[in-house]
Amino acid sequence: MSHWFHRNPIKPTEFVKFELKGVLTTDTCSKICGELRLRRDKLVGQFKNASNDLDEVTKEFNEYLRLFAGFLIEIQSSVADLENKDAGNKNSKLIPLIRFKWGNSMLPQTATEVSDTWFEALSMIQCMAMWLTKHAASMAGKDEVRESDAKECLQCLRQAGGMFQYVKEESARLSGANEVEGSDFDPKVMETYILTATAEAQEVIVARAIEMKHDDGLISSLSAVTASIFSKAEQSLNNLPDDQFARWRRYLQLKHHFYLAYAYAFLGQKQLSEDKCGEAVRACKQGKAEYEIAKEMAAMYATATGPGTRIKPEQHLFFRRIEPLLNRHLEKAERENGFIYHQKVPDEIPQLDVEATYGLAKLDSFKYPPPAEMWNTAVYSAFDLTKANMPDFTKIKKSKSKLDPVHEEKIYQTEKDPSNSSGCVIA
C-alpha cells in the first residue's frame, strides 16, 4: 500500500498570549489562560512534523479543546450545545474577548482575523485534520507498510474527513467566514478537503482488496467509486484561481484517471473469467488509455503553480507498480482471445459499476470533547466581563499583516520497490 498523497501546507497562526488582565479574578481563571497559552503553543509545534506519535498529538489536541471549551459555551449549559447551532443564548460570554489570527493552507499571502473563539476552535480542528492527513501520508510512505500501518493510515483519513465535515457544518457560526475566496473557510475548499480525505481512505481499501485477492468485480467497482470521488473533489475547485489551486487540481485529476485505470483493468479480468474475452480486451485497453492520461496529469502536476507537495509523481512507486499490472492483464486477455475465443473487440468503452454496496470508506463523525474538569460554574462566573475592553464584534476580515509559513519536516516517501502488487505487507 505504498501510496503517494499530495499535501497542502499546514495553516500558520499568530502566537496567542491569552492575556485578559482584570477579567481574571481568581487563580483558577489565570491558570486556565496560562495553560491554554502553553498547550496551544505546544500543539501548534507538533503539527510541524507528520511523523509525530498519533496518540500523543491526539491527546494534546483533545486537552486543548477541552480547556478551551469554556470560551465557547456557558459551562452551566449542556455540553450538547457545542453541537447545537441554534443555542445562541448558550454561547460563552468569553467568545469575543480574544482576537485570533490564522493563515490559510492555499493562500500563503492572506491571513484572516476576528475576535471570536469559534474561529480559533474551528481553525485548530482544521489544522488537526490536515496533520492527520499528513500523518497518514507518512504511514503510507514507509519502506514496508504493514497491516497496522495501513489501519492507522485509514483511521487518520477517516478522522480527518470527519473533522473537515464538522468544520464545514459549524462554519455558519462565523460571520464573513466564507467571503474570502480560496480561504480554508471557502465552502468549495472545505468540500474538497472532505472529498479528498474520503477518496484517499478509499485508496487504502482498494489496496487491501487487491492484496487480499478479492473478487475482480469488487476491486473494479471500488476503484471506480474512488475515481468518481476524486473527480467530484476536483470539480469542487472549479472557478478558483490557478495561481493557487492548479497543483491541487492536477493531483485530483491524476488520481481520478489512475483509479479509472485500475477499474478497467480489473473489469477486464472479471470479463475474462466470464468468457467475455473481446470485452475484456477492450476494458484492458481502456485501462491503459486512462493510465496514459494519468501520466500526462502527473507531468502537468510537477510544473503546476500553487502550494503543496513538489515531486514528480510518475517516478514514485505509486505509479511504477500499476503499469506492469495493466500490461499483464491486457496481454493475458489478448492471448486468450487470440488462441481460444476469437471474439470481436467492441469499440464502445465498457460501463463501470459505481454502485459498490460494501467496502466503502465511511468518515468518523467528530464531536467536540466535553469541558476540562478545571471548568465549573464558579470558575466561569469568575471571569469578570466588566473589566474587559470593549469587544470587537466585526466579522472575519483579511489581516493587514502576513504570517510566516510553517516550517514543516519533510514527509518521508520510500523509493523501495514493494514485493507485491499493492505495496502492503499483511502480517
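A cavity here is a set of grid points where a 1.4 Å probe fits but cannot get out, and its lining residues have an atom within 4 Å of a point. The model described is predicted. By that definition, the whole structure holds 3 cavities of 30 Å³ or more.

**Largest cavity**
- The space in the largest cavity comes to about 110 Å³.
- Its lining consists of His-6, Arg-7, Asn-8, Met-130, Thr-133, Lys-134, Phe-164, Tyr-193, Thr-196, Ala-197, Glu-200 and Trp-248.
- By class, that lining has 5 nonpolar, 4 polar and 3 charged residues.
- Two helices each supply at least two lining residues: H3 (117–140) and H5 (187–211).
- Helix H5 gives the most, with 4 residues.

**Second largest pocket**
- The second largest pocket holds about 500 Å³ of space.
- It is lined by 24 residues; closest to its centre are Glu-19, Leu-20, Leu-97, Ile-98 and Arg-99.
- The lining of this pocket divides into 12 nonpolar, 3 polar and 9 charged residues.

**Helix H7**
- Helix H7 covers residues 242–273, 32 residues in total.
- From first C-alpha to last, H7 reaches 45 Å, close to the 46 Å expected at 1.5 Å a residue.
- H7 is largely enclosed by the rest of the structure, because 26 of its 32 residues are buried.
- Buried means under 20% relative accessible area.
- Just after H7, Asp-275 takes a positive phi of about 65°.

**Cysteines**
- A disulfide is a covalent bond between the sulfur atoms of two cysteines.
- The cut-off used for the sulfur pair is within 2.5 Å.
- By this rule the model has 0 disulfides.
- Cys-33 is in no disulfide: the nearest cysteine sulfur belongs to Cys-29 and is 7.4 Å away.
- Cys-33 is buried, with a relative accessible area of 1%.
- Cys-277 is in no disulfide either: the nearest cysteine sulfur, that of Cys-284, is 9.0 Å away.
- Cys-277 is buried as well, at a relative accessible area of 0%.

Terms used. Residues are numbered from 1 along each chain as its sequence is written. This is a predicted model: local features need pLDDT of at least 70, side-chain atom pairs count only at pLDDT 80 or more; totals for chains, interfaces and linings use all residues. Side-chain values use heavy atoms; hydrogens and water are left out. On a 1 Å grid over the protein atoms alone, a cavity is a set of points where a 1.4 Å probe fits but cannot get out, and a pocket is an open set with protein on both sides within 12 Å along at least five of seven lines; lining residues have an atom within 4 Å of a point. Grid points are joined across faces, edges and corners, and a volume is the space filled by probe spheres set on the points. Ala, Val, Leu, Ile, Met, Phe, Trp, Tyr, Cys and Pro count as nonpolar, Asp, Glu, Lys and Arg as charged, and the others, Gly among them, as polar. Buried means under 20% relative accessible area, exposed over 50%, partly exposed in between (1.4 Å probe, protein chains only). The expected span of a helix is 1.5 Å times one less than its number of residues.
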